[in-house]
Amino acid sequence: MIEFFRNTNLDFLRWRWHFIIFSWLLILAGAVSLWVKGGPRYGIDFRGGTLVYLKFSQAPDLDRIRSGLRAEGLGSSTIQRYGRPENNEIIIGAEQVGREEEALDTSRQAIVTALHTTFQVPAEKIDLNNVGTDSLADHLLRLDPIGLAASPSEAATRYREIAERITEFRDTERGGLLTGFGELRTLEGVPPVVTTTLEQQAFLSPFVVRNVEVVGPRVGRQLRQQALLATALALAGMLVYIGMRFRQWVYGSAAVVATFHDVLITVGFLSLFNYEFNLNIVAALLTLVGFSVNDTIVTFDRIRENVRLLRREGFANLVNRSINQTLSRTVLTSGLTFLTVLALFFLGGEVLHGFAFTLVVGIIVGTYSSIFIASPIVVGWSQRGRVKAKAA
Amino acid sequence: MNPNLRWKAIIIFGLILICAVGLLCFRKGVDGGSKFAVPTSLEDLRTNLENRISLGLDLRGGMHLILQVQVNEAINTETDQVVQRLSTLLREQGIEFQSVRKSDPTHVQIVGVPATQLATARTWLEDTYRPAYVIGSLPGDESGFVLEMTPSLAAQIRQEALRTSIDTVRQRVDALGVSEPTIAEHGRGEWEILVQLPGVDDPNRVKNILQSTAMLEIKLVKNGPFANEGDALAQSGGILPPDSMLMRESLQARRDRSGEPQWYVVSRTSVVTGRDLRSARAEINPEIPGAYQVSFSLSRDGAARFGPFTERSVGQALAVVLDDRIQSVATIQSRIDDAGRITGQFDLQTASDLALVLRSGALPASIKYLEERTVGPSLGADSIRAGLIATVAGFLAVVAFMLFYYRLSGVNAIISLLLNVLILMAALAYVGATLTLPGIAGVLLTIGMAVDANVLVFERIREELRLGKSVVSAVENGFDRAFTTIFDTNATTIIAAIFLFMFGTGPVKGFAVTLTIGLLANLFTAVYVSRAIFQYLLGRQARLSAARPATLSI
């Protein structure tokens, strides 16, 4: 039998003040970070604005893009590198122009125009890297490189197939960007004459617009309210559950305090590491709340079981023994979830990075708090209760 | 095998069968419905799986839009019509008045009615406009009336405008040929429409088509063209007759000629409108090489009005007006019964798009975009890849650990884990839920949490064994005692997930769905299935060698 924790007998309570101070320091660090940065860094979901996600075929010259944006009157827009360096991805962000929704589309159009001027994308040619299947099929139909004009219906299906082949190859195998027409030559299902025609009539811009997000101020407000409501109700639901589970208020309150502790520290870490606050993060935080409460419940259940079994033992000793008994499962169960979240953090891609980070931090903090914070609170409060009872 | 265990086996294998069939043995029919199709090759299997699990916009690319219908415009239109009709009707009734005007979107004022006619006017107004309007006196002025739209009529008009808009948007989306679109009312009473269009890769075109109000009117040209608004007004003697209005040419109409858009004086009423259209289509413009035009034909009603009208007005000019801008002006050569055309600088696509929006009918009010998210297909493909790699890696890490730490019992945990994922995917297929990128994260998180349940049980069993219990009773106690804790794990997380589902949007909802289903399945697999496997193994050991006590590799 392989065991990581065999008959451990660590005195967790002895060091409880150290841990409580350590926790306060972590919370304080997060609070300072939030204060210095002027609150959490809201993502586009909550703030409104425009984000354009771009991928380049080679490392983009940010200064050039910036001056191009300035020429379009977007001097205040942000350019941010994104993802792995070898992917050459950036996000261009523009704040919401004006208060009303009318201006919703203007920033995006200005960004695209700026990019077209900066990289000299000819207006009269098709940009093969940013064209959709429908438009490409239409273009091919008009150019008719194979010479199928005699039978229009055959031409339509044939060119549609070719267009699909090209865009699928571009999007799934080339990550959205073709770097030369030569790549099409080896592509099955695309006749050489089509490639030759495209070479003359089409253009391969050095970037592809991968994702556009435009959120108006009204929706931003709405999403913010919804997220707050979801969080508040989930916390309330958890409180009700804890209340039902532990009829004694000491346990219930300690579990709630531990949960708040976890959320506070995690939010602080998000701010410290400059992660954006968006809907995904809220989802991760709520999951974390569920997870953290559960961990605490495991320990508390054992304490209550032991209270019934071992009436003679002092309460502090008993709590310590309970933590030791459950240590193996607490660490193992958290550890396995942690393993999956870690996979998500390193391999799950850029979109889920913040989400995974929240859970990575949250699971560590949640496990720590159920061992080192929640139980000492119970001991502290029940001792104080006993002292009062004696004095009375 | 003891009968109790036999029943368990039947339930478990039955469920596996249902899940496997639901996940793998259906395919989309030509009509869009699902039909039963047992896969015969690996290729088939893949197609069926792709057909059964619908991917969210963030994974397959497409557009997510939130539109807001400017419903108050519909109220404005209603009171505008009241103002227009009221002047004529009052004159017909022989009631004198100075003017009829709108003071705000829901109030129409009638000013300057002579004292002698006040009583008749009031009776007539009440007969005609109640109960839709409340008729009151003009504040501080005895010689007039105020018609106030009742809140219930206003609410009805708004609701109607939203419903018509949703129908119109749906027709346009269908005409575009987008497969599996979502078009639905959104939010809480802010007159919003959610539109999700998977696979759309020309966002600008789609947005223009959806937003186009497509109000087509044909009006009589009274005077013009003029170079600017001032000229037009001056030529008409500084004041326009009540049945006339000024209107500008659209920029697009101007592009095939040179110069600035011109102004015209046109009739306020329209001879025919878009409502009278029977069909519209794009065709080659015979006069301008390479250009296209939109030809339309009128319904029988429209033609019955249009024919006599054009006969009477030969030699006069007609204006084709689209969204309050003159698109083209032509002189009536002879009686026209039911056909017309709209010319301008159209290419094939713009002409087809215009024909499309005309066919689908006008929007009752204009539309604003509140939110737009476009995911390119390449990003979706990358996200799927990353999500799958992470899931497989996480799964393998868990498997490796379980085998290392719990030996043969680890196999038991892995079986229940696999079954959990199978149930989860099959449930997604049966409910028709969409898998999003956060949804994939939910699957991965489920794997982590599902194995937690096994760990809780196994640790309990080890504890019981350490206390010197027999293997059989250790297993029984282990499961019994761990159950409350497992229930807690799942309950607390599901509470959070349910609120996320209620208030979350789009992708995040997908996360809540997979997490909830996964955790519910976990209660079944980690407790029921895993226990049955242990019972079966221990039972077999006992049968094979009744003398030796059972052992367990844990």
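The centres of domain 3 and domain 4 of chain B, taken over C-alpha atoms, are 64 Å apart; the domain bounds come from an automatic or database domain assignment. This is a predicted model, in which local features need pLDDT of at least 70 and side-chain atom pairs count only at pLDDT 80 or more, while totals for chains, interfaces and linings use all residues. Residues are numbered from 1 along each chain as its sequence is written, and chains are lettered from A and ligands numbered from 1 in the order in which they are written.

**Exercise 1.** Find which residues of chain B belong to each domain.

*Solution.* Start with domain 1, at 1-52, and go on to domain 2, at 71-154. Then come domain 3, at 212-373, and domain 4, at 376-544.

**Exercise 2.** Describe the contact of chain A and chain B.

*Solution.* Step one: count the residues. Chain A gives 65 residues and chain B gives 60 residues, where two residues are in contact if their C-beta atoms, placed from the backbone, lie within 7 Å.

Step two: look at the elements of chain A. Those giving two or more residues to this side include β6 (207-215) and α11 (279-309) of chain A; helices (H or I, at least four residues) and strands (E, at least two) are DSSP runs, numbered from the N terminus.

Step three: follow β6(A) across to chain B. Five bridges join β6(A) to β20 (residues 367-375) of chain B, and the two run antiparallel; strands pair if DSSP finds at least two bridges between them. Here A:E213 stands opposite B:R373.

**Exercise 3.** Work out where A:D144 and B:R407 lie, and whether each is exposed or partly exposed.

*Solution.* Begin with A:D144, in the loop between α5 and α6 of chain A. Its phi is near 45°, a positive value in a residue other than glycine. A:D144 is exposed, with 12 other C-beta atoms within 10 Å.

Now turn to B:R407, in helix α12 (residues 377-431) of chain B. B:R407 also is not a glycine, and its phi is positive, about 50°. With 14 other C-beta atoms within 10 Å, B:R407 is partly exposed. The scale is this: 20 or more such atoms make a residue buried, 12 or fewer exposed, and numbers in between partly exposed, with C-beta atoms placed from the backbone.

**Exercise 4.** Locate the cis peptide bond at B:P131.

*Solution.* The bond joins B:R130 and B:P131, with omega about 5°. B:P131 sits in the loop between α5 (118-129) and β7 (133-137) of chain B.
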